Amino acid sequence: MSTGRRIAADNGPVGYALAHATRAHRALLQRRMAQLGLHLGQELLIVDIHHNPDTTQAELVQRIGFEQPTIAKALTRMERTGFIQRTADPDDRRVTRLRLTERGEAVVDAVTTAWAETDAQATAGLNDEEAEQLIRLLTAVRHNLEQPTD
């Protein structure tokens, strides 16, 4: 008896393998972020704000590439959990500046370590050349998929 998964794997083996690898990578990274008190995606904001203190929400949206409502919701949650603080711009009270709190600064190194450890686990058994080739291949796949089709 054929299953949807088997048929998908047979007819789209690249997509099927890619989806499973992505799901496993995301699940591991999500567990690591949860240990730091973060939701997946918030770590990108933490590291960005660390490198761009006193940034605005609009600037963050531009750099990260997430939708504005997604960023707004994440920032509200991160402020409530003590990772960021918002302050009014001294020159323009309509502008709010974002900065990490002590708690936010305390997790920056752990976030980057979690990223590195997750990549190391994902590429375990690959040599440096194979890992670099994997990056090149995945980049090519992404570019192919971003091209408009007629």
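The model is predicted, so local features are described where pLDDT is at least 70 and side-chain atom pairs are counted at pLDDT 80 or more, while totals for chains, interfaces and linings use all residues. Residues are numbered from 1 along each chain as its sequence is written, and side-chain values use heavy atoms, with hydrogens and water left out.

We start in the loop between helix H3 (42–51) and H4, where Asp54 is found; helices (H or I, at least four residues) and strands (E, at least two) are DSSP runs, numbered from the N terminus. Asp54 is not a glycine, and yet it has a positive phi of about 65 degrees. With a relative accessible area of 31%, Asp54 is partly exposed, a term for values between buried (under 20% relative accessible area) and exposed (over 50%), found with a 1.4 Å probe on protein chains only. Thr55 lies in the loop between H3 and H4 as well, but Thr55 counts as buried, at 2% relative accessibility. When neighbours within four places in sequence are left aside, Thr55 is in contact (heavy atoms within 4.5 Å) with Ile49, Leu60, Arg63, Thr96, Arg97 and Leu98.

Within H4 itself, Gln57, Leu60 and Val61 are buried. They cover an arc of only 100 degrees around the axis, which puts them on the same side of H4; the arc is that of the directions from the helix axis to the C-beta atoms. An α-helix has 3.6 residues a turn, so residues three or four places apart point the same way. The face of H4 turned away from this buried side carries the exposed residues Ala58 and Gln62. Among the elements that cover the buried residues of H4 are H3, H5, strand E1 (84–88) and strand E2 (96–100).

After H4 comes Gly65, whose phi is positive, near 90 degrees. Helix H4 (residues 57–64) packs against helix H5 (residues 68–80) at an angle of about 120 degrees, and their axes are 10 Å apart. That angle makes H4 oblique to H5, since angles under 35 degrees count as roughly parallel, over 145 as roughly antiparallel, 65 to 115 as roughly perpendicular and the rest as oblique. Axes are lines fitted to C-alpha atoms, for helices over the stretch in contact, and angles run from 0 to 180 degrees between N-to-C directions. In this packing, Gln57, Leu60, Val61 and Ile64 of H4 meet Gln68, Ile71, Ala72 and Leu75 of H5.
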